[in-house]
Amino acid sequence: MTDATETGTAHLPGTGRVAGKVALVTGAARGQGKSHAIRLAEEGADIILFDLCRDIETNGYPLATPRDLEEAALEVEKTGRRAIAAEVDVRDRGALDTAITAAVAEFGRLDVVVANAGICPLGDGPVEAFADAFDVDLVGATNTIHASLPHLIAGASIIATGSVAALLAAGSQGGPSGAGGAGYVLAKEMLTTYIHRLAKVLAPKSIRANIIHPTNVNTPMLQSGPMFRQFRPDLTDPGPDNVTAAFASLQSMPDVPWIEPADVSDAVVYLASSESRYITGLDLTIDAGATLGRGGR
């Protein structure tokens, strides 16, 4: 797969679609969050980047490092925009309150909140994996949003990262395995309902809230041993070459094992911009048809 869309280079950055805005992105050190931060910066926003930058014991793949966060901030600054990066645990509401208040004091405003931080502990892990997934993926998202609300004014946009996996699981199509997988699915299901209710509450203030549900995304979460075993449980130790066909079987469009972070980032820019000024309470699936006729739609 080598065309521009599949490699995530189809967008035309630099047209100022979010010029003058300030955006907060959690889970910003790598993967989808890093991509969102850079794309928003390319389109004119200053960026606040938060990430935990340490591993969680029950999660079976490494998380981002302080160096990853530093490099993401540097990539933002290469676009000519300003960046504030901080190691913040989204499970800690007090830490978020402090860090967001400090960043807004420096940048002067907050216009876009991308609640993206997430983990997906899979397999036969301890029951604590359920709590960790739920706490990061739901409590962390709501903490991020609630700590941001005092700083948002009319025209602001809240964007949450959901999951096609949760939509399919809700439609009785199965889902991520183990205690951590169950916590992940529940968190993403509840996050969807939360965004719908939040959108209704915030609509009179002209503040929007939407949720994006990607299918497999080419990030370290997907390209990991636990995820390989999720898709190829018939193998003891599957590797990357063993899972491409299994990944592709989820999507209705042919030969699409995963989408790229940039595919999701283009949607984030759209929902952050005035182009979507009348769109709120939306479930936006970016899934190459994974949910078509399979419970999600």
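Me: In this predicted model, in which sense do strands E4 and E5 pair, parallel or antiparallel?
Reply: Strand E4 covers residues 112–115. Its pairing with E5 runs over 4 bridges. Valine 114 has isoleucine 159 of E5 as its bridge partner. The sense of the E4 and E5 pairing is parallel.

Me: Which helix makes a β-α-β unit with E4 and E5?
Reply: The unit is right-handed. The helix in it spans residues 128–148. That is helix H4.

Me: How many bridges join E5 to strand E6?
Reply: E6 comprises residues 208–214 and runs parallel to E5. Isoleucine 159 stands opposite asparagine 210 in E6. The number of bridges joining E5 to E6 is 5.

Me: How many residues of strand E5 are buried?
Reply: Side chains in a regular strand alternate between the two sheet faces. In E5, Ser157, Ile159 and Thr161 lie on one side and are buried. Ile158 and Ala160, on the other, are buried too. The count for E5 is 5 of 5.

Me: Which residues touch the most other members of the largest nonpolar core?
Reply: This core holds 53 residues. Helix H6, residues 178–202, gives the most to it, with 9 residues. Isoleucine 158 has contacts that include Val113, Ile145, Leu198 and Ile207. The residues that touch the most other core members are Leu110, Ile158 and Ile195.

Technical notes: Residues numbered from 1 in each chain as written. Predicted model: local features only at pLDDT ≥ 70, side-chain atom pairs only at ≥ 80, totals over all residues. Heavy atoms only, no water. Core = buried A, V, L, I, M, F, W, Y, C linked by side-chain atoms within 4.5 Å. Buried < 20%, exposed > 50% of the residue type's maximum accessible area, 1.4 Å probe, protein only. Helix = DSSP H or I, 4+ residues; strand = E, 2+ residues; numbered from the N terminus. Contact = heavy atoms within 4.5 Å. Pairing = 2+ DSSP bridges. Right-handed = clockwise from strand over helix to strand, strands pointing away. Lists of a residue's contacts leave out its neighbours within four places in sequence.
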